Amino acid sequence: MSAVLGSVIVCLCLAGLAQATGSDAITLQFVNELKEPNFNFAISLYTNRAQTILELMEEAAWQDITFMYSIQYFGSVPGYMLNAVRKDLRQGGSIVPQPFVFSDVNWDQDHSYWSIKIDGTFIPVGISGYQPKHGDTVVFQLVQSSAAQAATCDPDDSSDQSSCP
């Protein structure tokens, strides 16, 4: 994954669209329990045509101006892969400082990546190669490969079994 065949794209969009609800919606959910700051947020969208996950992410950035992401192109297979997610979780007008959450992958350093599941099932392609159906929930979860977890796991250390697969 370290060889890059294309460029990195960062999407920061300035307009808004109405949110969808119910069974017509396609929901994009982003979960990071791996790196600080942790977050879990979702954006629901309605589309009247088949769109790839990448196209839905573009639409989500138009809908929610505080949502940004970075992608990288790895050739026709697997296509575009998600590198980073950024979201402002502050409540409108809140004076409580709650910074933007930002999580990026670093495969070379810690073997982290964004896994993608549709209704609990892993998809075998990148975000530019799959078209979810109405009612689907696309879950992006920042995870670490099992090889990296096994390398840092010490089964004899009873103080930290959370790093063991």
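Author: Val-31 stands opposite Gln-141 in S9. In S3, the bridge partner of Val-31 is Asn-40. Strands here are DSSP E runs of at least two residues and helices are H or I runs of at least four, numbered from the N terminus. This is a predicted model, in which local features need pLDDT of at least 70 and side-chain atom pairs count only at pLDDT 80 or more, while totals for chains, interfaces and linings use all residues. Residues are numbered from 1 along each chain as its sequence is written, and side-chain values use heavy atoms, with hydrogens and water left out.

Reader: In which sense do S2 and S3 pair, and over how many bridges?

Author: They pair in the antiparallel sense, over seven bridges; two strands count as paired if DSSP finds at least two bridges between them. One further pair across these strands is Phe-30 with Phe-41 in S3. S2 and S3 form a hairpin, with six residues between them.

Reader: And S2 with S9, parallel or antiparallel?

Author: S2 and S9 run parallel and are joined by six bridges.

Reader: What is the strand order in the open sheet?

Author: The five strands of the open sheet follow the order S3-S2-S9-S7-S8, with mixed pairing. S3 and strand S8 (121–122) are the edge strands, each pairing on one side only.

Reader: Is S2 mostly covered or uncovered?

Author: S2 is mostly covered, with six of its seven residues buried. Buried means under 20% relative accessible area, exposed means over 50%, and partly exposed lies in between (1.4 Å probe, protein chains only).

Reader: Let us take Thr-27. Why does it count as buried?

Author: Thr-27, which is found in strand S2, counts as buried because its relative accessibility is 15%. Its side chain makes a polar contact with the side chain of Ser-44, at 3.1 Å. A polar contact is a pair of N or O atoms within 3.5 Å; within protein, one must be able to donate a hydrogen and the other to accept it, and residues adjacent in sequence count only if both atoms are side-chain atoms.

Reader: Which residues does Thr-27 touch?

Author: Not counting residues up to four places away in sequence, Thr-27 touches Ala-42, Ile-43, Ser-44, Asp-136, Thr-137 and Val-138. Contact means heavy atoms within 4.5 Å.

Reader: Now the helix. Which strands does H1 lie across?

Author: H1 lies across S2, S3, S7 and S9, and runs at about 95° to S3. Axes are lines fitted to C-alpha atoms, for helices over the stretch in contact, and angles run from 0 to 180 degrees between N-to-C directions. Eight of the eleven residues of H1 are buried, so the helix is largely enclosed by the rest of the structure. Among these buried residues are Ile-53, Met-57 and Glu-59.

Reader: How many residues does the largest nonpolar core have?

Author: The largest nonpolar core has 26 residues. Such a core is a set of buried Ala, Val, Leu, Ile, Met, Phe, Trp, Tyr and Cys residues joined through side-chain atoms within 4.5 Å. Those with the most contacts inside this core include Leu-28, Phe-30, Met-57 and Phe-140. H1 gives the largest share of the core, six residues. In soluble globular proteins, nonpolar side chains tend to be buried together.

Reader: What is Met-57 in contact with?

Author: Leaving aside neighbours within four places in sequence, Met-57 is in contact with Leu-28, Phe-30, Phe-67, Tyr-69, Leu-82, Ile-127 and Phe-140.

Reader: A change of topic: where is Gln-51 found?

Author: Gln-51 is found in the loop between S3 and H1. Gln-51 counts as buried because its relative accessibility is 5%. The side chain of Gln-51 makes a polar contact with that of Glu-59, at 3.5 Å. Gln-51 and Lys-133 are 82 residues apart in sequence and 8.8 Å apart in space, C-alpha to C-alpha.

Reader: Finally, which residues does the UniProt domain annotation cover?

Author: The UniProt annotation "domain: Transcobalamin-like C-terminal", from an unreviewed entry, covers residues 109–142. UniProt positions are given in the numbering used here, feature names are shortened, and annotations may be inferred rather than shown by experiment. The span 109–142 is 6% helix and 44% strand, and its end C-alpha atoms lie 14 Å apart.
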